[in-house]
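Morning, everyone. Please have a look at the next structure with me.

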Amino acid sequence: MKVPVISTVIVALAAAAMIGLGIWQLDRRGEKEAMIARYAGNNALPVMAFPRPPIGDEHLFRRASAMCLEVVGWSEQAGRADNGTKGWRHIAECRTGVEALTTKFDMGVTTAPGVIPVWKGGEVTGSITQAPDSTPLLASLFGKRAPRPLMLVAEKPAPGLAESARPDPSSVPNNHLAYAVQWFLFALAAVVIYVLALRWRERKATPPAPPVEPGPLQS
């Protein structure tokens, strides 16, 4: 069987790239496991002052406190109460200092949208999580993005609201093993399909055998 050089090299490079991506996902799996363990350890740390930006994700899931000097706005997001009830969580945009920077506080959940809490501010203690992000998916995948702003999920909800579910490190997904297996399967499928295509090409190029003519009849 004559093997075409260029197409074989292309398939080999593609399969090698997919195997490399699978190995990279396995490395990422170990990194994610270490990160989740670090987040779980944050729960046992003492209460800290809510960190000031710019900051990364090293303080996620740690308990913190902050002072809301003034509520400058409210927003709603789909959420879940600590008792498991689904609803709308109410996020206060608060001024926390003399600077123009503001901090988001998840002040609790209602079962219906459109409720405007009467809470006007004060000291809040809760758990640190990432604030809702409106970055488009393509930009988050291919663009260089800054760390997401953080938010404090209040342990004591605003009047008339139910306590929001506390951030849980176990909710952080770690799907890198599944992604690695997918890349390895893609590489295997590419090689198998290519080999089958070569065999089909060889069969098509091989001329059929000439028919065997019968010999003369003997008396």
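Predicted model: local features only at pLDDT ≥ 70, side-chain atom pairs only at ≥ 80, totals over all residues.

Residues are numbered from 1 along each chain as its sequence is written, and side-chain values use heavy atoms, leaving out hydrogens and water.

Start with helix H3, residues 176–205. Helices here are DSSP runs of H or I with at least four residues, strands are runs of E with at least two, and both are numbered from the N terminus. H3 has 30 residues and reaches 44 Å from first C-alpha to last. That is close to the expected 44 Å, taken as 1.5 Å times one less than the number of residues.

Which residues of H3 are buried? His176, Ala180, Ala187, Tyr194 and Leu198. Buried means under 20% relative accessible area, exposed over 50%, partly exposed in between, with a 1.4 Å probe and protein chains only. Helix H1 (5–42) is part of what covers them, with contact meaning heavy atoms within 4.5 Å.

Ile23 sits in H1. It counts as partly exposed because its relative accessibility is 46%.

Now the sheet. Seven strands form an open sheet, ordered E1-E2-E6-E7-E5-E4-E3, with mixed pairing. Strands pair if DSSP finds at least two bridges between them. At the edges are E1 (48–49) and E3 (70–80), each pairing on one side only. E5 (102–110) and E7 (150–154) run parallel, joined by three bridges. One partner pair there is Lys104 with Met151 of E7.
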